[in-house]
Amino acid sequence: MASLLKVSSFIYPLHQKLNYVSFSPISTNVQSKVYHVSVKNGRWNAPSITIKAQTAVEGDVINTESVSSDEQSDYGVVSVHHVGILCENLERSLDFYQNVLGLKINEARPHDKLPYRGAWLWVGSEMVHLMELPNPDPLTGRPQHGGRDRHTCIAIRDVSKLKAILDKAGISYTLSRSGRPAIFTRDPDANALEFTQIDD
C-alpha cells in the first residue's frame with residue numbers, strides 16, 4: 001500500500017508567468033508526476049493534489065494508509081464567487097456599475113426571490129451582488145484613498161483607459177500610492193473599489 005502526501009496550493013507566490021509545476025521526489029522511492037497548474041485572471045488555479053508515495057525502510061516497503069490533517073480540513077476552496085455591495089438606491093448604483101464601469105447583469109441569478117431589491121453583475125467569471133439595504137458604514141469621514149478602506153479589487157487590462165472613463169464621467173479617484181498600475185474610486189454609496197492592472 002502507499003502512504004499519501006498532500007500538496008496544497010502553496011505555489012501562489014511563484015511568478016505568475018509560470019504555467020506548470022513539477023514536483024520532484026525527495027527519495028528515489030517516491031513516485032511523482034508533473035501536474036499542470038493554470039493561471040486565470042492573474043490568479044493561480046492550483047487545486048490541492050494528493051500524491052501516492054512509497055516509503056522504504058531498510059529495503060522493505062512500509063504499508064501505511066494515512067490522511068493528513070490538511071486533507072481532513074480541505075473543503076475545496078475554488079475562488080471568490082461574488083462580493084456583496086450595499087447600496088441605497090439600486091437604479092443609481094446600476095447606472096454607475098453598468099453605464100460607467102460597463103458591467104453586465106447576470107440574468108440567471110435570482111434577484112426577485114430575496115426579501116430586498118438587488119442585481120448580480122458579472123466581473124469576469126465572478127460577480128458583484130448589489131443589495132438595496134441600509135448601509136451601516138458612514139458616508140463621511142472615510143479615507144480619501146480607497147486603498148485605506150474596505151474595498152473590492154477588480155483585475156483589469158488597462159488602467160489608463162479606465163482613468164479616461166472616470167475623467168469623462170467626472171468621478172474622482174486616486175492612483176496607487178506604491179506606483180503600481182492601479183486606480184481607486186468609490187461608487188455612489190462610498191463603497192471603495194480598486195482596479196488593478198494585470199498582464200497576461
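Student: What rules apply to the model and its numbering?
Tutor: The model is predicted, so local features need pLDDT of at least 70 and side-chain atom pairs count only at pLDDT 80 or more, while totals for chains, interfaces and linings use all residues. Residues are numbered from 1 along each chain as its sequence is written, and side-chain values use heavy atoms, with hydrogens and water left out.

Student: Why is T185 called buried?
Tutor: Buried means under 20% relative accessible area, exposed over 50%, and partly exposed in between, with a 1.4 Å probe and protein chains only. T185 has 4%, so T185 is buried.

Student: What does T185 touch?
Tutor: Contact means heavy atoms within 4.5 Å. Not counting residues up to four places away in sequence, T185 touches L166, I171, S172, Y173, N191, A192, L193 and F195. A polar atom of the T185 side chain lies 2.8 Å from the backbone oxygen of S172.

Student: What makes the link between the side chains of R142 and D149 a polar contact?
Tutor: A polar contact is a pair of N or O atoms within 3.5 Å; within protein, one must be able to donate a hydrogen and the other to accept it, and residues adjacent in sequence count only if both atoms are side-chain atoms. The distance between the side chains of R142 and D149 is 2.8 Å, so the pair falls within the 3.5 Å limit. R142 sits in the loop between β11 (126–132) and β12 (151–156), and a polar atom of its side chain lies 2.9 Å from the backbone oxygen of P138.

Student: Why are β12 and β13 called edge strands?
Tutor: The open sheet has four strands in the order β12-β15-β14-β13, with mixed pairing. β12 and β13 (173–175) each pair on one side only.

Student: Which strands does α3 touch?
Tutor: α3 packs on the sheet and touches β12, β13, β14 and β15. The direction of α3 makes about 30° with that of β14; axes are lines fitted to C-alpha atoms, for helices over the stretch in contact, and angles run from 0 to 180 degrees between N-to-C directions.

Key
Helices (H or I, at least four residues) and strands (E, at least two) are DSSP runs, numbered from the N terminus. Two strands pair if DSSP finds at least two bridges between them.
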